[in-house]
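The following exercises are to be worked with the sequence and the model at hand. Each task is followed by a stepwise solution.

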Amino acid sequence: MGEILKIGLDLDDVLLATNDAMLKWHNRVYGTSYARKDIVTWELTKVWNCTFDEMLSRIHEFYASPEHDETLAFKGAIEGIETLGEGKEYHIITSRPGEMHGKTMALIQKYFPPLVESVHFTSQVTEEAGRSRKKEHVCLELGIQVFVEDNLDYARNVAGVEIPVLLFDTPWNQTEDLPSNVTRVYSWEEIVEKLI
Ligand SMILES: [Mg+2]
């Protein structure tokens, strides 16, 4: 038997179609008409044209909304994990805050029940002082060998500790300047090809 590959997975917009759910919620509540292509940065203060505190309050509002609880699995993710199958370890490392544990685990259990080994909340998205961890540190602690991510900053940080990253292509992670151990991918089919 070969060595078990330890795969690290981001949650939002890798396993879950979170951006779609958030757009739907934001457009309903704030009367906007944003589409996926409009989200050209994950600094949502710039997209929503609001202060940092207002952004945090909206993110918490979204977490409490029905749209959040109805978030779908990302296209191809369920089939992708099924195809990759056993003989690998799957660890979810999300920047969501720890207080989202219950609602987040409900979504993970809904779509990805049996194969996930562990789930880690770094709280980086809300930057609670003293409570946030860094994805690259969690990856190192777990011995992650490859990480799938859509956020450019996190991808760079994980690549910076010599862990190869598959960067899921999105409107908010476009750049000419990717580290050599970050590979841009366009679908779950492509992720499976690279990991199998
Ligand atoms: Mg993400």
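**Exercise 1: The setting of His91**

His91 belongs to strand E2, which spans residues 88-94; the model is a predicted one. Determine whether His91 is buried or exposed, and describe its surroundings.

Solution. Step 1: the relative accessibility of His91 is 4%. Buried means under 20%, so His91 counts as buried. Step 2: beyond four places in sequence, His91 touches several residues, among them Ile7, Gly8, Leu9 and Glu117. Step 3: the side chains of His91 and Ser118 are joined by a polar contact of 2.5 Å. Step 4: Asp10 is 81 residues away from His91 along the chain, yet their C-alpha atoms are separated by 8.6 Å.

**Exercise 2: The magnesium site**

Identify the protein donors of the magnesium ion and their spacing along the chain.

Solution. Step 2: their spacing reads D-x1-D-x137-D. Step 3: both Asp10 and Asp12 are buried.

**Exercise 3: The domain interface**

Solution. Step 1: 19 residues of domain 1 contact 18 residues of domain 2. Step 2: the two domains bury about 1,500 Å² between them, with 55% of it on carbon and sulfur atoms. Step 3: Lys103, Pro171 and Trp172 supply 37% of the area that domain 1 buries against domain 2, more than any other three residues. Step 4: two salt bridges are counted between the domains, as are nine residue pairs in polar contact.

Key
Residues numbered from 1 in each chain as written. Predicted model: local features only at pLDDT ≥ 70, side-chain atom pairs only at ≥ 80, totals over all residues. Heavy atoms only, no water. Donors = N, O, S within 2.8 Å, 3.2 Å for Na, K, Ca; no water. Buried < 20%, exposed > 50% of the residue type's maximum accessible area, 1.4 Å probe, protein only. Helix = DSSP H or I, 4+ residues; strand = E, 2+ residues; numbered from the N terminus. Contact = heavy atoms within 4.5 Å. Polar contact = N/O pair within 3.5 Å; in protein donor to acceptor, adjacent residues only side chain to side chain. Buried area = accessible area lost by both parts, 1.4 Å probe. Salt bridge = Lys/Arg side-chain N within 4 Å of Asp/Glu carboxyl O.
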